[in-house]
Amino acid sequence: MNEPIEKMTPEISAFIEEWKSKPGNLIMVLHQVQQTYGYIPRNIAIEISERLSVPLAKIYGVVTFYNFFKLEKAGKYKIQVCLGTACYIRGGDDLLKALEKELGIGLNSTTPDGLFSIEAVRCLGCCGLAPVIVVNGNVHGRLTSKDVPAIIEQYRKQG
Amino acid sequence: MAIESHVLICGGSACSSSGSNNITAEFKKELEAAGLAGKVEVLQTGCLGFCEQGPIVKIMPQGTFYVHVKLEDVKEIVSEHLVKGRVVGRLCYDPAQAKDPHAEANIPFYKKQFRIVLRNCGVINPEKIEDYIARDGYKALEKVLFEMTPEQVVEEMKKSGLRGRGGAGFPTGVKWESAAKQPKGQKYMICNADEGDPGAYMDRATLEGDPHSVLEAMVIGGYAVGADKGYIYIRAEYPLAIERLQIAIGQAREAGLLGDDILGSGFNFDIELRFGAGAFVCGEGTALQHSIEGKRGMPRPKPPNSVVAGLWARPTVINNVETLATIPVIINKGADWFTKIGTPDTPGTKVFALTGKVNNSGLIEVPMGTTLREIIFDIGGGIRGGHKFKAAQTGGPSGGMIPEQFLDLPIDFGSLAKIDSIMGSGGLIVMDETDCVVDIAKFYLDFTVEESCGKCAPCRIGGRKLLNYLTKISEGRGTLQDLENMERISKAMCKASLCGLGQSAANPVLSMLKYFKDEVVEHVVDKKCRAGKCSKLIQYKIDPAKCKGCTMCARKCPAGAISGALKNPHVIDTTKCVKCGACEATCKFGAISHG
């Protein structure tokens with residue numbers, strides 16, 4: 001498999017230096033990487049392993065333990081479907097089904113054109129708007145499955 | 001020019017998501033245009049609580065309460081209300097209240113609430129330390145540092161009877177005392193802001209609306225137990241709360257309220273943020289500590305308790321956000337004042353995130369001992385869409401479903417434990433008769449199975465087994481023996497799991513079996529789901545009187561389950577039906593129904 005090679009940004013490099021000597025730094029560094037690339041690229045993880053003197057296996061262990069860290073790159077538009085309890089009982093799973101149907105992909109996968117990916121999250125803390133989906137940080141609330149195609153179309157147009 | 005009015009715009013998560021940031025900008029623009037910029041101040045506050053009605057705008061000092069405010073409404077509020085002093089009736093929560101400017105106090109949603117934790121939420125600008133100080137902020141810290149010894153602080157906390165609001169209800173004063181008694185040396189204060197219960201957002205709202213109250217309490221705690229370092233462990237999913245905390249920490253350091261030699265007292269204390277990464281189990285104390293240490297967040301057996309050997313094996317106190325936010329008020333007003341609120345079992349108030357099938361979703365704070373009926377029907381405005389109340393779930397995936405017969409029970413830690421639920425962190429989900437108890441239990445088990453760290457067998461295997469049984473029942477394949485097995489497994493999980501997650505994971509199942517057994521047995525014996533949620537148990541029927549024999553449904557059916565001649569009533573072969581619902585959606589004559 002061809003793995004994408006990402007370039008270490010100066011910001012991350014500086015962040016690693018700043019946190020190097022602080023105890024418990026690994027998760028904070030991984031957050032920075034996740035935020036920058038949208039996932040944890042393998043080559044970056046190898047570099048972190050060397051610079052923090054943490055075995056790569058341990059980094060893998062931490063990355064796979066926490067839902068927040070991803071090993072694969074998300075789509076250009078990252079769709080998060082809230083399946084917290086409030087959204088679930090107001091029809092969050094129907095939204096998920098509608099999205100899967102609209103995009104022709106399943107949960108935790110990306111469309112072949114790299115435009116959309118779907119993931120499920122547990123509660124975004126805006127239960128008053130239930131059910132909600134979030135597209136790249138933009139919240140769409142009080143939805144029914146009928147609203148889904150129009151939302152997707154809106155992002156598809158932007159390309 | 002003196003400020004005459006304030007425009008408070010809710011900047012909580014739900015209102016921000018529905019555009020309150022743009023509304024704030026629009027207000028500033030319109031006020032500028034109307035020449036009122038120096039007379040009216042615009043503030044974006046923390047959560048005002050009434051999330052169902054957001055975005056919310058409140059005009060002070062009158063307290064006029066505008067709901068569902070849209071960008072295009074701003075101009076009218078400015079020109080009518082702020083320039084001419086005329087309330088915009090159509091935007092008021094209850095248009096009849098437009099004549100009464102002191103509207104908020106009359107809204108039933110607020111009437112029965114009593115705010116300690118949320119005292120500043122929606123009142124102050126959370127990004128200004130001056131606003132917090134103006135409302136007695138950091139006064140408690142000053143009192144503690146200069147008028148009280150650490151022992152007196154611990155004593156006051158014990159006297160207040162404050163119980164930890166994170167879920168288990170352990171007395172805070174006792175916890176502080178144990179940590180204070182440990183030999184001198186490095187100790188830690190941790191604020192647990194890893195609010196993982198799906199459907200709960202009390203801590204998020206507190207941190208976004210009043211971050212300084214938590215910082216102040218942590219310093220007080222540090223002084224009482226002899227710690228000089230604090231960590232706030234917060235979910236990375238809460239970017240706004242993180243930002244507000246970072247601003248607050250910066251301001252507190254600047255003002256000499258954090259760092260070395262606080263207020264010249266010689267006491268040192270500093271706080272750092274650490275981010276969670278989406279693991280529910282990290283709300284458990286020992287797992288949380290492992291996560292701060294940069295490891296996989298897995299719990300460990302106790303003893304030793306965290307107060308003896310916690311973070312990096314040093315004595316550590318972990319307090320929840322809501323617990324901490326209560327502490328400055330207890331110090332200021334005294335333990336005697338505090339014990340008069342709530343019940344003898346649990347003094348004080350509780351913040352709930354009231355959600356689900358209730359008319360007024362939102363964030364509420366009530367004295368302990370308030371009944372569920374008051375919360376759901378008076379504050380919550382009853383069940384949505386005229387449906388019937390079925391159950392309320394407290395404590396999220398760790399709690400139980402509370403049936404109608406307990407609606408009048410005054411709730412506190414003790415009373416909820418007696419009816420097989422828990423207080424939990426404050427999620428309160430209301431369900432109506434269209435919700436199926438098997439489906440809900442399955443939803444929660446699905447959650448706990450996914451979030452189980454896998455370290456101990458009762459939780460790892462037991463949870464999976466329960467989920468399998470529930471799936472079987474929801475698909476009509478369950479047996480009565482399964483119900484007995486579920487009960488046995490549940491009890492074993494409660495007794496033998498390593499941490500709170502596993503010990504409480506079976507609660508939804510146990511309460512389902514205890515209070516809603518009829519409905520479960522119906523799934524097993526009659527193969528029927530009365531709520532119509534378990535799709536495998538749904539039966540589709542064609543009403544021969546309405547069917548025109550147009551053949552549309554037969555052509556749409558992916559399983560070839562529908563047969564019949566043209567212009568003659570069709571029938572569904574239920575053994576072939578895959579319950580996709582395509583026929584019902586296609587029928588133009590309303591002849592197809594399910595039940």
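This is a predicted model: local features need pLDDT of at least 70, side-chain atom pairs count only at pLDDT 80 or more; totals for chains, interfaces and linings use all residues.

**Domains, sheets and helix packing**

Chain A is assigned domain 1 at 10–65 and domain 2 at 77–158. Their centres are separated by 29 Å, again over C-alpha atoms.

Now, the two chains together. How many residues does each chain bring to the contact? Chain A gives 30 residues and chain B gives 39 residues. On the chain A side, three helices each supply at least two residues: α2 (26–37), α4 (56–65) and α5 (85–89). By class, that side of chain A has 19 nonpolar residues, ten polar and one charged.

Look for B:Ile9, which stands opposite B:Val57 in β3(B). β3(B) also pairs with β4(B), residues 64–66, through three bridges, and these strands run antiparallel. There, B:Ile59 faces B:Thr64 of β4(B). The β3(B)–β4(B) hairpin has three residues between its strands, and B:Gly63 takes a positive phi near 85°.

On to the open sheet of chain B. It has four strands, in the order β7-β6-β5-β8, with parallel pairing. Which strands sit at the edges? They are β7(B), 270–276, and β8(B), 316–320, and each pairs on one side only. Neighbouring strands are turned by 20° against each other on average, ignoring direction. Take one pair in detail: β6(B), residues 229–235, and β7(B) pair in the parallel sense over seven bridges. In that pair, B:Ile232 is opposite B:Leu273.

A helix covers this sheet. α10(B), residues 211–225, lies across β5(B), β6(B), β7(B) and β8(B). Against β5(B), at 188–193, the helix runs at about 150°.

α10(B) has a helix partner too. Two packed helices are described by the angle between their axes and the distance between the axes. For α8(B), residues 172–181, and α10(B), the axes come within 8 Å and cross at roughly 50°. That makes α8(B) oblique to α10(B). From α8(B) we have B:Trp176, B:Ala179 and B:Ala180, which meet B:Gly221, B:Ala224 and B:Val225 of α10(B). The class count here is five nonpolar, one polar and no charged residues.

Last pair: α17(B), residues 437–451, and α18(B), residues 457–474. Their axes are 9 Å apart, and the packing angle is about 150°. Why call them roughly antiparallel? The cut-off for that label is over 145 degrees, so α17(B) is roughly antiparallel to α18(B). The crossing of α17(B) past α18(B) is left-handed. Contact residues in α17(B) include B:Val438, B:Leu445 and B:Val449. Those in α18(B) include B:Leu466, B:Leu467 and B:Leu470. Charged residues take part as well, among them B:Asp439, B:Lys442 and B:Arg464.

Technical notes. Residues are numbered from 1 along each chain as its sequence is written. Chains are lettered from A and ligands numbered from 1 in the order in which they are written. Two residues are in contact if their C-beta atoms, placed from the backbone, lie within 7 Å. Two strands pair if DSSP finds at least two bridges between them. Axes are lines fitted to C-alpha atoms, for helices over the stretch in contact, and angles run from 0 to 180 degrees between N-to-C directions. Angles under 35 degrees count as roughly parallel, over 145 as roughly antiparallel, 65 to 115 as roughly perpendicular and the rest as oblique. A crossing is left-handed if the near helix is turned anticlockwise from the far one by less than a right angle, and right-handed if clockwise. Domain bounds come from an automatic or database domain assignment.
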